[in-house]
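The sequence and structure are shown first.

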Amino acid sequence: MTRRNSAGRFATKRTPPEDLEFRCPDCPYCLTETGTDGDSFVCYECEASWSMDGRRGRWSDPDELACPSAIKPFDRDGLSPEHESIRHVVERCLLADDHGGKHKAADYYQTWDDDDPRITKETK
Ligand SMILES: [Zn+2]
Ligand SMILES: [Zn+2]
């Protein structure tokens with residue numbers, strides 16, 4: 001429909017906004033959008049899935065053992081006194097035992113190799 005605007009010129013109604021696109025929740029480990037098969041949310045990269053309410057997370061192979069590797073990412077010289085309380089924080093590897101490549105913490109950005117000096121002695 002065309003009508004005159006406040007300046008006296010003919011103008012048309014604004015076109016309606018585009019439809020919204022519904023997104024799946026992001027995977028907490030790789031931070032990419034999960035997919036869905038209608039019954040669950042799935043991260044194919046991390047081989048994990050969750051119920052449609054976002055709970056009851058499970059690995060694609062529930063019988064896999066956990067990789068035993070763990071690091072203390074903040075245990076280093078030069079840690080400032082105000083951060084001393086996090087020196088003994090331990091990050092465990094999120095992946096399954098005998099995985100290839102680097103170990104990976106659940107915090108997404110932390111990875112390490114088998115010769116990393118931050119590996120805790122208990123897991124060497
Ligand atoms: Zn993921
Ligand atoms: Zn690992």
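**Note on the predicted model**

In strand 5, Ser49 is the bridge partner of Val42; strands are DSSP runs of E, at least two residues long, while helices are runs of H or I of at least four, both numbered from the N terminus. Two strands are said to pair if DSSP finds at least two bridges between them.

1. Basis of the note. This is a predicted model, in which local features need pLDDT of at least 70 and side-chain atom pairs count only at pLDDT 80 or more, whereas totals for chains, interfaces and linings use all residues. Residues are numbered from 1 along each chain as its sequence is written, and chains are lettered from A and ligands numbered from 1 in the order in which they are written.

2. Overall composition. The protein has zero helices and 10 strands, and its elements from the N terminus on read β-β-β-β-β-β-β-β-β-β. Its radius of gyration is 24 Å, well over the 14 Å that the globule rule gives for 124 residues, so the protein is more spread out than a compact globule. Here the radius of gyration is taken over C-alpha atoms, and the globule rule is 2.2 Å times the number of residues to the power 0.38. Along the principal axes, the C-alpha atoms fill a box of roughly 80 × 40 × 25 Å.

3. Burial and contacts. Of the 124 residues, 13% count as buried. A residue is buried if 20 or more other C-beta atoms lie within 10 Å of its own, exposed if 12 or fewer, and partly exposed in between, with C-beta atoms placed from the backbone. Among contacts between residues at least 6 apart in sequence, 30% join residues at least 24 apart; two residues are in contact if their C-beta atoms, placed from the backbone, lie within 7 Å.

4. Domains. The protein is divided into domain 1 (24-62) and domain 2 (64-124), with bounds that come from an automatic or database domain assignment. The C-alpha centres of domain 1 and domain 2 lie 24 Å apart. Five residues from domain 1 and four residues from domain 2 make up the contact. On the side of domain 1 that touches domain 2, the residues divide into four nonpolar, no polar and one charged. In this count Ala, Val, Leu, Ile, Met, Phe, Trp, Tyr, Cys and Pro are nonpolar, Asp, Glu, Lys and Arg are charged, and the others, Gly among them, are polar.

5. Strand 3 and strand 4. Strand 3 (residues 35-36) runs antiparallel to strand 4 and is joined to it by two bridges. Thr36 stands opposite Phe41 in strand 4. The two strands form a hairpin with three residues between them, and Gly38 in the turn has a positive phi of about 95 degrees.

6. The two faces of strand 4.

7. Strand 4 and strand 5. Four bridges pair strand 4 with strand 5 (residues 48-51) in the antiparallel sense. Phe41 stands opposite Trp50 in strand 5. Four residues lie between the two strands of this hairpin. Glu47, in the loop between strand 4 and strand 5, has a positive phi of about 55 degrees although it is not a glycine. Most residues other than glycine have a negative phi. Glu47 counts as partly exposed because it has 14 C-beta neighbours inside 10 Å.

8. Strand 5 and strand 6. Strand 5 and strand 6 run antiparallel and are joined by two bridges, with Ala48 opposite Trp59 in strand 6. Their hairpin has six residues between the strands, and Gly54 takes a positive phi near 80 degrees. Arg56 lies in the loop between strand 5 and strand 6 (58-59), and its phi is near 50 degrees, a positive value in a residue other than glycine. Arg56 is exposed, with 10 other C-beta atoms within 10 Å.

9. Strand 1. Arg4 is placed in strand 1 (residues 2-4). Arg4 counts as exposed, with 9 C-beta neighbours inside 10 Å. Leaving aside its neighbours within four places in sequence, Arg4 is in contact with Arg9 and Phe10.
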